[in-house]
Structures are given as C-alpha cells and as structure tokens.
Amino acid sequence: MGTAAGDGNRSLGAVAEHKVNLSARRPFVEAVRTGLAETLFPDDPFRGFGSRPPAARAWGVLKYFVPALEWVPRYSLDKFKYDLLAGVTIASLAIPQGISYAKLANLPPIMGLYSSFVPPLLYAVFGSSNNLAVGTVAAASLLLASIIETEVLPEENPQLYLQLFYTAAFFTGVFQTALGVFRLGLIVDFLSRSTITGFMGGTAAIIILQQLKGMLGMKHFTCKTDLISVMRSIFHYRHEWKWQSAVLGICFLLFLMSSKHLRKKKPNLFWVSAIAPFMVVVIGGIFAFLVKGNEHGIPIVGDLKKGINPLSISQLTFTDKHVNTAVKAGFLSAILALAEGIAVGRSMALIKNEQIDGNKEMLAFGIMNIAGSFTSCYLTTGPFSKSAVNFHAGCRTPMSNVVMSVCIMLVLLFLAPLFKYTPLVALSSIIVVAMIGLVKVKEFRHLYRVDKFDFCICMAAFVGVIFFTMVAGLGASIGLSVIRALLHVARPNTCKLGSIAGGEIFRDVRHYPHARNIANVLVLHLGSPIYFVNAGYLRERILRWVEDEENACKIDGQDLQCVVLDLGGVSSIDNTGIGMLVEVHKSLDRRGIRVMSNTILIALTNPSLEVTEKLVLSGYIKDTIGEEWVFLTVKDAITACRYALQRSRSKEDGEV
C-alpha cells in the first residue's frame with residue numbers, strides 16, 4: 001500500500017500542517033543509558049554535578065549518601081530546642097514500646113531497649129527524613145517470631161532463638177542495603193496500599209488476641225498465630241486465668257483509651273497520649289512492687305540488667321541447618337519494614353512539603369539493621385505511632401533520634417533494673433491500645449466502595465493472616481496484586497473514539513455517549529504498551545471492533561472504509577507487537593479497508609520516541625503503510641482519509 005500511495009505524498013502531506021518526526025534516532029548506547037537512568041535513577045540525584053569541580057562533585061556525592069552532612073552545618077540552637085522536646089517525648093514512648101514488642105517476639109525485654117539505642121544514632125546520620133522516629137514494630141516482631149519458632153522454640157533453646165533473631169536482623173540489613181545500592185525500590189512497590197492495610201489489620205487483630213495471655217496472667221500459650229489456635233489455647237489454659245491481672249488490665253486500658261480520646265478532642269495535648277504508656281509502666285511497676293504482684297496473680301517482667309548493648313557479632317549463626325530460616329525471616333521482614341518505614345516517612349514529609357529519598361531510606365535502614373545485629377538489637381524501622389508523636393512534638397531534624405538514643409542510654413546505664421517490676425499486663429494493655437488503630441474499618445469500607453478488586457486484595461491479607469499464617473496472608477495478597485498487574489498488561493484497555501466539540505476533540509464513546517461516530521471511519525485508541533503478552537489479544541480486539549463497525553455501517557447502507565489506530569497511549573512496543581500491527585494491516589487490506597497509524601501530541605496521545613524508532617527501523621511505516629499515513633492528530637488522519645477517498649472516487653468517476 002505504501003508504494004500505491006506514493007504518488008499522493010505531496011497531496012496528503014498538504015492536508016496536515018505538521019508532520020510526525022520519523023527521522024529521530026538515538027544511538028544504542030544512549031538508549032540503554034537513558035533506559036537504565038530512568039529505571040534506577042528516576043529522581044536523577046546527581047543532576048548538575050557535571051559542571052562542578054572534582055572536589056565539589058566528590059563532596060556532593062558524599063552528602064548524598066550521608067544526609068547528616070547536609071543539615072548538621074546549618075543546625076542551630078533554635079532547632080535543637082524543638083528536637084530536644086521531641087526526642088524526650090518519643091523516648092518516653094520508646095521505653096514501654098520497646099519492652100512490650102520484645103516480649104511480643106518472646107525475646108528478653110532488655111532487647112527492646114537495646115534496639116532503641118544504636119539504630120536511631122545511625123539513622124540520624126544516614127536517614128533522609130526529618131520526622132521518622134526509629135524503633136521496633138509490633139507486626140515485624142510477630143512476623144519474625146512466627147517464622148523463627150517453626151525452627152526453634154524460645155522455651156527449648158533460648159540461646160539459639162536469640163541467635164536466629166540477630167542473624168535475621170543481619171540479613172534484613174543486607175537485603176535493605178542491597179535494594180538501596182542497586183536502587184531496586186520498585187520491589188517494595190509490590191506491597192500495595194491495599195496489601196499493607198489488610199496485612200496490618202489482620203496482624204493487629206491477632207496481636208490483640210494474643211495479649212489476652214498477659215491480660216489474664218497466663219503462663220502457657222500457643223506459638224501459632226492463627227485465630228483458631230489462639231482461641232483454643234486461651235480456653236485450654238483457662239485454669240491459669242488470674243482475675244487480678246484482668247482487673248488491672250482493664251484499668252490500664254481505660255486510662256490509655258482516655259488519653260487517646262483526649263488527644264483527638266484537644267490536639268494540643270498530644271503529649272498526654274505520648275507519655276501515657278510510660279505512666280502506665282511507672283504506675284504499674286510501683287503498684288506491683290507495693291503489693292508484691294508476682295505473688296498475687298500479677299506476673300512481672302523480671303530482672304533487667306544495667307549496661308549498654310553488648311556485642312553480638314559472634315552470635316550470628318550461618319550453619320546450613322538454620323540459615324534458611326534466618327534468610328526467610330530477614331527477607332520478609334526487610335520488605336515489610338521498608339514498606340512501613342518509607343510509607344510513614346513520605347506521609348509525614350508530604351504534610352511539611354518536604355521530600356525523602358526512598359533509596360536513601362533503604363540504605364539507612366540496612367546500615368542500622370546490620371549494625372544492630374552486631375550490637376544485640378533485632379529488626380528496627382520507622383513505626384507509625386512513634387513517628388507521629390515525633391512529628392506532633394515539633395521535631396525539626398533527625399537530631400530528635402539522637403536525643404531519644406541518649407535518653408535510652410541513660411536508662412540502660414542507670415535505670416533499667418527499676419523496670420523489673422513492670423506488670424506484664426501493663427505491656428499487654430499498651431500493645432492492645434496501639435494495635436486498635438491499625439484495624440482500619442473505614443479504609444476497608446472505602447476500598448469496597450471504590451475498587452472491589454482492591455478490597456479483595458486487602459481481605460486476602462486480612463483473612464489469610466487471621467485464619468492461617470502471616471506469611472500465607474501476605475503471600476496471597478501479593479499474589480492477587482501481581483495477577484491484577486498482569487491482567488492489566490495482558491488485557492489492556494482499548495476503546496472506540498467519537499468526535500465532540502465540532503470534531504476537534506475525540507473521546508471514548510462509552511465515557512461520552514453524546515460523542516458522534518465518524519462516517520465510514522473507525523477510530524480506535526490503544527492505551528497501553530504493546531508486548532508479546534497482549535499482542536494476540538489486541539489483534540483479536542481490533543478485528544472484533546472492525547467487524548462490529550462494519551455491521552453497523554451496513555445497517556445504515558454504508559461501508560467502513562478507514563481505520564485509524566490512535567497510538568497515543570502506547571509508550572513502548574516490542575517485535576511481537578510490530579508483527580501484530582502487520583497482521584492487522586493485512587487482514588484489513590483483504591477486507592478493502594485502509595489503515596492509518598495515528599500519532600498525537602505528547603501531552604495527550606503522542607507515542608514515545610521508542611515506538612517511532614522501532615516502527616521505522618522495522619520497516620512497518622515505510623513498507624507497510626507509507627510515511628504519508630502517519631499523522632500528529634486524529635483530526636489530521638480523518639481529514640486525510642476523506643481526502644484520499646474523495647480522490648479515489650473522482651478517479652473512478654473519471655475512468656467511467
């Protein structure tokens with residue numbers, strides 16, 4: 001057809017004032033470099049470095065990887081006043097939370113304090129968020145415990161259990177650092193918001209049920225996390241229930257819930273809610289000491305030794321028998337911790353109109369978890385509750401994490417033994433109140449109303465965590481998310497366009513029912529990249545559109561004479577996709593229908609440079625349709641089609 005239409009090049013060219021640039025070429029090396037840069041460096045962090053002297057470039061790169069070099073030289077006493085208040089406030093929250101989450105993971109309570117000392121110092125140096133407060137989190141604590149307890153139980157071999165936690169933290173740091181170095185943050189994107197909402201909600205529900213052990217003063221409990229096992233364990237050991245713990249727990253719950261309610265009513269009093277857990281620990285400890293609670297149905301934490309973190313690098317275990325469990329726990333917790341930490345940091349930064357670098361955050365989390373595994377810490381990230389308190393306390397820089405770390409150091413050196421009388425029911429109450437806010441019923445309703453598939457993804461995680469295991473729930477939800485993504489690729493959107501606003505604008509006829517059909521012309525919009533995965537579907541879909549349009553035209557006593565393929569939404573195409581276009585062209589040519597490939601302005605529907613290059617290099621444009629049949633706009637294509645049909649009719653009339 002390209003040769004047949006060659007004589008009309010100038011005539012058709014005159015129809016459109018502007019033509020598509022078909023001569024643009026990129027060298028192969030440049031195309032590869034651009035593709036890698038857009039994939040790995042979408043934020044282009046080193047832009048502008050090329051014009052700087054070598055020393056300035058080196059300093060700029062160093063500041064990029066060590067963000068503290070950026071804000072420390074500009075630090076002032078005025079900022080420190082805010083960071084001091086925020087740091088002391090989050091330290092008062094870190095003490096009870098650290099002890100509580102360590103107990104949740106069946107670890108020695110002191111490890112919760114260790115994990116709030118070293119990691120925050122490192123995050124202050126390498127982290128990019130001014131608002132994130134570092135510490136342990138409930139979901140990751142339970143996830144690690146559920147995986148490691150399949151290998152060894154803490155009651156049977158507490159030393160090996162502890163070693164596997166250190167080793168898992170090491171692998172968590174390695175995975176996170178690798179993702180940051182190779183800038184593979186897109187892996188974290190597979191944890192969609194729906195997945196995280198369902199997973200956190202299901203985990204929170206299970207954690208709340210597990211706290212019945214502490215609320216009822218029980219000594220024995222199941223190591224499984226599913227609802228059936230938890231409920232069976234609660235009633236199986238009902239002879240261990242202690243009414244004293246239950247009464248004290250209800251009092252603590254009422255106090256903590258009241259403090260949260262006060263914060264909602266009067267936001268300026270946020271500090272009351274922030275220090276309430278610490279007050280529960282102090283008041284509970286004093287009460288248990290005075291009444292000798294451990295002898296009267298109120299179990300206590302027990303001895304906490306003084307001193308800062310001992311080195312634990314020698315306790316990392318890499319034996320074949322146990323390393324697989326540590327790697328599995330490290331990888332899953334790494335992804336979960338990154339998703340939560342980066343999401344919290346970004347949400348806080350958005351409020352302050354700031355920006356954080358996800359890859360920097362991965363590096364910071366990785367470094368602090370590797371260092372933490374060497375210093376008796378387990379997994380840490382940026383928990384929402386502590387970061388929210390840090391934000392509302394008025395933090396200005398990561399220095400608030402340093403202040404918190406110094407406070408925890410003083411507690412470890414001088415005050416740790418005082419917390420031995422902390423009632424376990426106090427820790428359970430703190431965890432229950434913290435978890436209630438993670439079951440986001442309003443978000444569930446919102447997902448159901450807006451997107452039913454997203455709701456299914458959310459419920460897969462929620463139900464899977466509650467009735468099976470945390471890993472099963474997370475895996476099922478991610479699996480559904482991936483299936484949905486593949487469906488979007490394999491079954492892309494195509495639509496028929498009609499004209500509105502006097503033929504100047506063309507839109508989907510389903511979206512705009514009043515859009516007019518173009519006589520004798522079918523305009524189809526292809527709205528996705530064309531790959532081997534969807535090429536067959538697109539071929540069948542286009543031909544089906546053509547058949548339907550032909551039948552509609554025959555009813556009106558007309559013939560379908562032109563098909564315009566709007567490639568504006570096609571960002572890329574592979575060889576199979578090009579072959580599909582050739583097959584469609586041949587099929588329509590046999591029907592006697594002329595096909596035109598349409599290209600539109602980049603703001604809306606202009607194909608990418610990659611698509612144009614491949615269509616030209618493959619010979620599709622020159623040998624199959626001809627350069628004169630490529631246009632910038634749908635309007636130009638329709639005008640040219642009508643002009644060609646008019647010339648064809650005039651020629652036939654002249655021959656007659």
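**Links, helices and loops in a predicted model**

Trainee: Which hand does the link of Cys-562 and Cys-641 have?
Mentor: This is a predicted model, in which local features need pLDDT of at least 70 and side-chain atom pairs count only at pLDDT 80 or more, while totals for chains, interfaces and linings use all residues. Residues are numbered from 1 along each chain as its sequence is written, and side-chain values use heavy atoms, leaving out hydrogens and water. With 100 degrees about the S-S bond, the link of Cys-562 and Cys-641 is right-handed.

Trainee: How many residues apart are Cys-562 and Cys-641?
Mentor: Helices (H or I, at least four residues) and strands (E, at least two) are DSSP runs, numbered from the N terminus. Cys-562 is in strand β4 (residues 562-566) and Cys-641 in helix α27 (residues 634-655). The pair links distant parts of the chain, and the separation is 79 residues.

Trainee: What is the S to S distance between Cys-562 and Cys-641?
Mentor: A disulfide is a pair of cysteine sulfur atoms within 2.5 Å. The count by this rule is one disulfide. It joins Cys-562 to Cys-641, with an S to S distance of 1.7 Å.

Trainee: Are Cys-562 and Cys-641 buried or exposed?
Mentor: Relative accessible area under 20% is buried, over 50% exposed, and in between partly exposed (1.4 Å probe, protein chains only). On that scale, Cys-562 and Cys-641 are both buried.

Trainee: How far is the nearest cysteine sulfur from Cys-495?
Mentor: Cys-495 is in no disulfide. The nearest cysteine sulfur is that of Cys-553, at 18 Å.

Trainee: What distance separates the centres of domain 1 and domain 2?
Mentor: Domain bounds come from an automatic or database domain assignment. For this chain it gives domain 1 (83-440) and domain 2 (492-653). Taken over C-alpha atoms, their centres are separated by 57 Å.

Trainee: Are α7 and α16 roughly parallel or roughly antiparallel to each other?
Mentor: Axes are lines fitted to C-alpha atoms, for helices over the stretch in contact, with angles from 0 to 180 degrees between N-to-C directions. The axes of α7 (residues 118-126) and α16 (residues 358-374) come within 9 Å and cross at roughly 150 degrees. Angles under 35 degrees count as roughly parallel, over 145 as roughly antiparallel, 65 to 115 as roughly perpendicular and the rest as oblique. The two helices, α7 and α16, are therefore roughly antiparallel.

Trainee: Which residues in α16 do those of α7 meet?
Mentor: Contact means heavy atoms within 4.5 Å. On the α7 side are Pro-119, Leu-122, Tyr-123 and Phe-126. In α16 they meet Lys-360, Glu-361, Ala-364, Phe-365, Ile-367, Met-368 and Ala-371.

Trainee: What is the relative accessible area of Asn-106?
Mentor: Asn-106 lies in the loop between α5 (77-104) and α6 (110-114). Although not a glycine, Asn-106 has a positive phi of about 60 degrees. Most residues other than glycine have a negative phi. Asn-106 is partly exposed, at a relative accessible area of 33%.

Trainee: What is the relative accessible area of Ser-376?
Mentor: Ser-376 is in the loop between α16 and α17 (384-392). Ser-376 also has a positive phi of about 60 degrees without being a glycine. Ser-376 is buried, with a relative accessible area of 2%.
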